[in-house]
Structure formats: structure tokens, C-alpha cells
Amino acid sequence: MSEFDKHELTPPIWQVGALCRAIAGVIDAKLNPVAVRGELSGFTRAASGHCYFTLKDDSGQLRCAMFRRSASLLDFSPRDGEMVEVRGQLGVYEARGDLQLVVQNMSRSGQGALFEQFLKLKGMLEAEGLFAPERKRPLPSMPHGIGLVTSLGAAALHDVVTALRRRVPHIPVVLAPASVQGSAAPIELSRALMSLYALARGGDDGASDVTRRIDVILLVRGGGSMEDMWAFNDEQLARTVASSPVPIVTGVGHETDFCMVDFVADLRAPTPTAAAELVAQARSVSLEGIEAARLRLQKTALRRVDALGQRLDQAIGRIARPSAITAAHRLRLGARAQRMQFSVQLSLRRHRSDAASAQIDLPVKLRHHVDKMKERLARAQLRLELLDPKWVLQRGYAWLSSADGKAIVSVGQVQIGQNLTATLADGEVDLTVTGVG
């Protein structure tokens with residue numbers, strides 16, 4: 001082969017940055033602008049306002065960036081698992097040599113398969129009552145022991161242990177390690193929880209070492225994508241959490257992340273550290289409460305001692321000076337005798353006054369009473385005279401009577417030829433019946 005042919009077959013040597021720019025130019029000329037439909041994963045919003053995420057489907061994934069100006073125009077809050085349609089410019093991020101889509105606008109296109117599965121399971125468990133508020137139990141104010149379920153290699157373990165050591169170094173913590181990501185994670189998490197349940201039940205009946213008794217459990221892991229935290233959406237794990245004999249606090253992911261165990265647990269914390277703080281009242285707070293109680297008890301005891309001391313002084317004074325006590329009683333008796341004497345004298349004066357008044361009024365009242373009786377007697381005499389039959393006879397009436405003196409008031413009492421007597425106003429007339437009408 002000639003030197004000329006060799007020169008023709010040798011490719012040109014590129015600088016890395018120049019090659020990336022060339023590839024970006026080809027992509028821009030052949031493909032841009034592009035519209036892509038996919039499922040959101042690992043969506044984050046930086047402090048600068050830029051958004052970074054991955055679009056994926058069953059056969060691939062694509063890194064995406066959405067700068068602050070475009071992100072401010074969104075009319076919804078993107079979440080992992082949502083199906084979206086995006087439009088933008090495809091290019092190469094030269095610093096890493098990654099293919100990247102710079103998104104200019106985004107709209108919903110439905111919900112991803114994982115999110116649909118999440119909603120279906122959520123609806124089923126909610127219908128069974130596993131999310132009911134009445135199932136939620138209050139956290140113990142001063143736990144005897146704290147159970148912890150997380151991965152040995154997770155940053156959440158360090159955060160939780162640090163918070164617990166700072167706030168409640170005197171409370172024992174029992175760690176039940178388990179994977180928090182991957183296909184085996186749900187089973188490991190359930191087994192870890194069951195081991196802590198055995199300790200909790202053992203602590204209740206005294207069968208277990210009291211130093212390992214736990215009465216609250218933390219289930220935690222750090223943040224990640226929806227796929228990373230999918231183990232915490234497992235149905236069996238959710239039912240295991242619901243069967244806990246003691247309250248469970250979850251701290252899975254960040255504040256905006258929600259998993260199925262969050263709805264079933266007794267309390268959800270926004271982060272693992274917050275979960276630790278919820279179950280661990282700072283020792284300083286407890287010490288302040290104890291000190292306040294000590295001061296109240298001390299003040300109460302001092303007041304009681306002072307009161308008893310005063311009573312004792314008074315009793316000693318009375319015992320030491322009986323003459324003073326006698327004199328005081330004598331004064332009280334003298335005062336009461338004076339009040340009684342005055343009361344008797346006042347009563348006697350009142351009775352004498354009443355008797356004198358009665359003596360003056362008696363003749364007048366007696367005359368008035370006699371006059372009233374005379375008037376009543378005269379009225380009675382008049383009524384009696386008005387009832388005298390003679391007054392009736394003087395008006396032309398007669399009183400008929402038979403020979404035996406019986407009054408005749410009806411024609412049925414007489415017979416023809418019967419002798420009757422008619423009494424008139426000035427005498428009597430003998431009559432003989434000659435006919436009956």
C-alpha cells in the first residue's frame with residue numbers, strides 16, 4: 001500500500017471539545033427542535049431555579065435540564081412517575097460528554113406506569129381503612145427504647161444516630177439493618193420490622209431484657225428517585241407497618257417524597273433527621289421540666305413549713321401563757337354578759353311599752369266591740385221578725401190546719417165534711433169543707 005493510500009485511510013485526530021461540538025452541530029442540524037414523551041424520574045429543582053431530571057421509557061433514558069426561565073412558566077409541579085411531553089433542543093454537554101435535552105416547555109401526558117401502580121395500591125389500602133386517622137397512635141413522650149430500620153450504608157443512619165445521640169444519649173437504640181433499595185429490599189425491611197416487633201412485645205410482658213425494650217420505631221432512608229424508593233411502596237411492607245404493636249415514624253426521602261408506608265405509619269416526618277427529633281425530646285427540655293418541678297415542689301414545701309411553724313408558735317404561746325388565755329376568755333364572757341343584759345332590759349322595756357299601750361286602748365276597743373255586737377244583734381232581730389208568720393197573715397193570707405193541728409197545704413189532704421181551722425191575723429175561724437175543687 002502506498003503512502004498516499006495510508007494517508008487517505010487515517011482518520012483525522014480531534015480535540016475532545018471540538019468533537020463534542022461537532023456532534024452537537026450534527027444533532028442540531030438533523031434533529032432539533034425535538035419533542036419527547038417519557039416518564040419523569042429523579043426530578044430535582046436546584047436553589048438557582050434550574051430543574052434537572054431524566055426522561056425514560058422501557059427501552060431508554062435521556063438526561064434533561066430545564067433552566068429557571070422555562071421552569072417558571074410551568075403550570076403544574078412535576079413529580080417522579082408522571083408521564084410528560086417536553087419540547088426543546090437536543091445537544092451535548094461538553095463538560096461530561098453527555099447527551100442532554102434542554103427543555104423549553106413541559107406538559108402532562110398522563111401518569112407513568114409506576115405512578116399508576118402506586119395510586120392503585122393506595123386506593124386499595126385506603127379502602128381497607130389502613131390510612132384511617134383513628135388508627136394513628138400518639139408517640140410516647142419518654143420512650144424506653146427506640147427501634148431503627150435502615151441500611152447500614154445509608155447516610156440516613158448517620159443522620160438519625162447523630163440526632164439521637166445529641167438529644168437523648170440515655171435512650172438505647174436497637175438497629176435492625178435492611179436494604180432500602182432493590183428487589184430484595186421489601187422482604188428485608190419487613191423482616192427487620194418483625195424482629196423489632198418481637199422485642200416490643202417481649203418488653204410488654206417482661207419476657208425480654210428490659211434494656212432492649214422498645215416502644216417506638218423509626219423507618220428511614222435518604223432521598224432518591226421514585227425507582228430508588230419503590231421498595232417503600234410495597235404492599236406487604238405497608239401491611240407489615242400497619243401491624244406494628246408500637247407507633248412507627250417514617251422518614252423516607254425528602255419533604256416532597258411520599259411513599260405508601262408514610263400513609264400507613266402513625267406519623268410521617270419530612271426527613272430522617274426530623275423523624276429522630278420527633279421521637280426524642282431533647283434531654284435539655286426534660287431537665288428544664290424537672291428543674292421547674294423541683295422549684296415548684298421546693299416553694300410548696302417551704303410555704304407548708306412556714307404555715308406549720310406559725311401554727312406551732314401560736315400553740316406554744318397559748319400553752320406558755322395560760323393566764324392570758326383565761327383573761328381573754330374572761331373578757332369575751334364579760335362582753336357576752338353585757339350584751340345579754342342589755343338585750344333583756346331592752347326586751348322588758350319593749351313589753352312594758354306594749355302593756356301600757358294596751359291598757360290605754362282596751363276601753364276604746366271594748367266599747368267599739370260592744371257597739372259592733374249590738375249592731376249585729378239588732379240586724380239579727382230584724383231578720384227574725386221578718387220571718388214571723390204573722391206578717392204574712394196581715395197581708396190577707398190564712399193558715400189552714402186540721403183538727404189535730406196539722407197544716408193543710410194541698411187539696412188532697414181534705415175531705416168533704418171535714419172540720420178545719422183558719423188562722424187569721426187577729427184570730428181563728430172554724431170551717432167545714434163542703435166541696436173540693
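Modeller: Let us begin with E126, which counts as partly exposed at 44% relative accessibility. The classes are buried (under 20% relative accessible area), exposed (over 50%) and partly exposed (in between), with a 1.4 Å probe and protein chains only. The model is a predicted one, in which local features need pLDDT of at least 70, side-chain atom pairs count only at pLDDT 80 or more, and totals for chains, interfaces and linings use all residues. Residues are numbered from 1 along each chain as its sequence is written, and side-chain values use heavy atoms, with hydrogens and water left out.

Biologist: With which residue does E126 form a salt bridge?

Modeller: Side chains of opposite charge can pair when their charged atoms come close. The criterion for a salt bridge is a side-chain nitrogen of Lys or Arg within 4 Å of a carboxyl oxygen of Asp or Glu. E126 pairs with K122, and their closest N and O atoms are 3.9 Å apart. Both residues belong to helix α4 (residues 113–127), where they are four residues apart, about one turn of the helix. Helices (H or I, at least four residues) and strands (E, at least two) are DSSP runs, numbered from the N terminus.

Biologist: How many salt bridges does a search of the whole structure find?

Modeller: The search finds 10. One of them joins the side chains of R108 and E82, at 2.9 Å from N to O. This pair links distant parts of the chain, since R108 is in strand β5 (residues 98–111) and E82 in strand β4, 26 residues apart. E82 counts as buried because its relative accessibility is 6%.

Biologist: What is the salt-bridge partner of D266?

Modeller: That partner is R137, with the closest N and O atoms 3.0 Å apart. Here too the pair links distant parts of the chain: D266 is in the loop between α8 (260–264) and β10, while R137 is in the loop between α4 and β6 (146–150), 129 residues apart. D266 is buried at 11% relative accessibility, whereas R137 is partly exposed at 28%.

Biologist: In what order do the five strands of the open sheet stand?

Modeller: Strands of a sheet pair through backbone hydrogen bonds, either parallel or antiparallel. Two strands are taken as paired if DSSP finds at least two bridges between them. The order in this open sheet is β7-β6-β8-β9-β10, and the pairing is parallel. β7 (173–177) and β10 (267–268) stand at the edges with a single partner strand each, so one side of each has no neighbour in the sheet. Strand β9 (residues 248–252) is joined to β10 by two bridges, and T250 stands opposite R268 in β10.

Biologist: Which strands are joined to β1 by antiparallel bridges?

Modeller: Strand β1 (residues 34–45) runs antiparallel to strand β4 (residues 82–93), with six bridges between them; V34 stands opposite G88 in β4. Five bridges join β1 to strand β2 (residues 51–57), also antiparallel, and E39 has K56 as its bridge partner in β2. The hairpin of β1 and β2 has five residues between the strands, and G49 there takes a positive phi near 100°. β2 is in turn joined to strand β3 (residues 60–66) by seven bridges, again antiparallel. L55 has L62 as its bridge partner in β3, and the hairpin from β2 to β3 passes through two residues.

Biologist: Which residues are in contact with S190, leaving aside its neighbours within four places in sequence?

Modeller: Contact means heavy atoms within 4.5 Å. S190 is in contact with Q236, L237 and T240, once those neighbours within four places are left aside. S190 lies in helix α6 (residues 185–205) and is buried, with a relative accessible area of 10%.
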